Each structure stands twice: as structure tokens, then as C-alpha cells.
Amino acid sequence: EVSEMSERSKQNVAHGLAWSYYVGYLKIVLPRVKKSMEEFSSANPNLLACRKTWKLHILIPLSCDVYDDLEKADSNIQYLTDLRETTMARAGTKKRVYKHSLYAIRDEENQLWHCAMEYATPLQSLYAMSQDECAAFSREERLEQAKLFYRTLEEILQGSKDCAGTYRLIAYEEPGEAETHFLSREILWHLRQQHHEEFAVHEGNPPPTPSTALDLAELNLQISVSDLPQPLRSDGF
């Protein structure tokens, strides 16, 4: 009976996607991120000077609007190169390849900031479900599921010792009116926060609370002035 109720309310969708994303991907790749970043930094010492940014930055747009090409999402984001790939046998596939891309983000003063980042791919599934009549998944339900996905993933990762210090979740809602460089500004805010944390540690001051450590109330405040689902973009997404 409980299972049927969950199915009808779709409460288990985001929860399952978050766990699948962690067990099937993040738990595999995140423990290797810092080593890859360290190797790249040794060969390119000027690009990754801040060790606090030696993480995989995971973009979580609550609209589930995921671009396959980040450069098309924001022209201030430029692909730089790929970090060293990891190859392993996985679920019957020989030499399955896992790799991350390094990007340069241009700020208002034309300076470049560098980090490894990618979208949380399960959001593509949430978006596809909202477009498929068989799933009967509304836009409002998609927004609520995106929130639940973020909170569940954050809770899972916070409890993972292997993944500690290897990721940064960047959850955001795009503004109602299109802004050309909204995404790059959002990413830059997180990069500057990490630079500040590293500087504060070097100065002997306690670092500020990471901005990604949002609880339910804070996330709702960030998204809207109420707990009710808000209209998503009206330009076809």
C-alpha cells in the first residue's frame, strides 16, 4: 500500500535517481578527481592555483534544462581540455571510460577562472519524463522532483567518506527573463567562495559555511517566496 501511494505521488523518482547517480557514477569517479586535478596542476601550475577548487562542480538547474554543450549555455564558459580519463570494466563493458572536462569561465574583468564541471545527468531523465505522456509528469512535479533530487544527493554525499572534499553542488533556478551570462556568474560566485575559504584558512580564520550546504528551508527561500511550485520558463522548456 505504501509503495502504491509512493508510485501515485511519484515520491520515489528523484530519490531513486539520486542514489543511482551516486552508486553508478559519483562513487566511482569522485575519489579520483583530486589526483587528476593534481596531475593537471603539476603540468599547468598557473591554471589551478587554488586547491579548494580541485573538485568536480556539479550543476543542478532546477528547471532540468541541461545543455550538452556548456559553451552554448553561456558564451563566457569555454571548454579547455579533459582531465586524465579513468578506464575500468563495468557491468559487462570492457574498458569503460570516465572523464571530466575542464572549463575556463570569464568574469566581468575579463579574467579567467578554471574548474572541472558538468551537469547532473539524471536531470535529463526528469525533463524527458515531463515531456512524455506515458510518465504523466507535470512541470510542477518536475520542479519538486528536482528539489528533492538535490536534497537527496546532498545528503548522500555528505555521508560518503570517500567523496568528502571532491565535489561542489551548484543548485540554481534560472531567472524568469533570459540573462546571457547568468550561469557563468553563478559558477563564478562558487569559485570565489572557495578562493575565499582557502585564503581564510591560510590567514588562520575559520572558513565560511559552504554555500552548497543548503537545508530544505534555505533551498525553498532561494527558489521562491513560497513553498509552492512556481512557473518554469515559458520559452518551451
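1. Start with the contacts. Among those in the protein between residues at least 6 apart in sequence, 68% join residues at least 24 apart. The model is predicted.

2. On overall make-up, the secondary structure comes to 7 helices and 7 strands. Along the sequence, the pattern reads α-α-β-α-β-β-β-β-β-α-α-β-α-α. The protein has 237 residues, and buried residues make up 45% of them.

3. Helix H2 covers residues 12-43, and helix H4 covers residues 122-131. Their axes come within 10 Å and cross at roughly 150°. Angles over 145 degrees count as roughly antiparallel, so H2 is roughly antiparallel to H4. The crossing of H2 past H4 is right-handed.

4. Which residues make the contact between H2 and H4? From H2 come Val13, Leu17 and Tyr21. H4 supplies Pro122, Ser125, Leu126 and Met129. By class, the residues of this contact divide into 6 nonpolar, 1 polar and no charged.

5. H5 runs over residues 139-158 and has 20 residues. From its first C-alpha to its last, H5 reaches 29 Å. That is close to the 28 Å expected at 1.5 Å a residue.

6. Where is H5 buried? Its buried residues include Leu143, Ala146, Phe149, Tyr150, Leu153, Ile156 and Leu157. Arg142, Lys147 and Glu154 of H5 are buried too.

Definitions and conventions: Residues are numbered from 1 along each chain as its sequence is written. This is a predicted model: local features need pLDDT of at least 70, side-chain atom pairs count only at pLDDT 80 or more; totals for chains, interfaces and linings use all residues. Side-chain values use heavy atoms; hydrogens and water are left out. Helices (H or I, at least four residues) and strands (E, at least two) are DSSP runs, numbered from the N terminus. The expected span of a helix is 1.5 Å times one less than its number of residues. Buried means under 20% relative accessible area, exposed over 50%, partly exposed in between (1.4 Å probe, protein chains only). Axes are lines fitted to C-alpha atoms, for helices over the stretch in contact, and angles run from 0 to 180 degrees between N-to-C directions. Angles under 35 degrees count as roughly parallel, over 145 as roughly antiparallel, 65 to 115 as roughly perpendicular and the rest as oblique. A crossing is left-handed if the near helix is turned anticlockwise from the far one by less than a right angle, and right-handed if clockwise. Contact means heavy atoms within 4.5 Å. Ala, Val, Leu, Ile, Met, Phe, Trp, Tyr, Cys and Pro count as nonpolar, Asp, Glu, Lys and Arg as charged, and the others, Gly among them, as polar.
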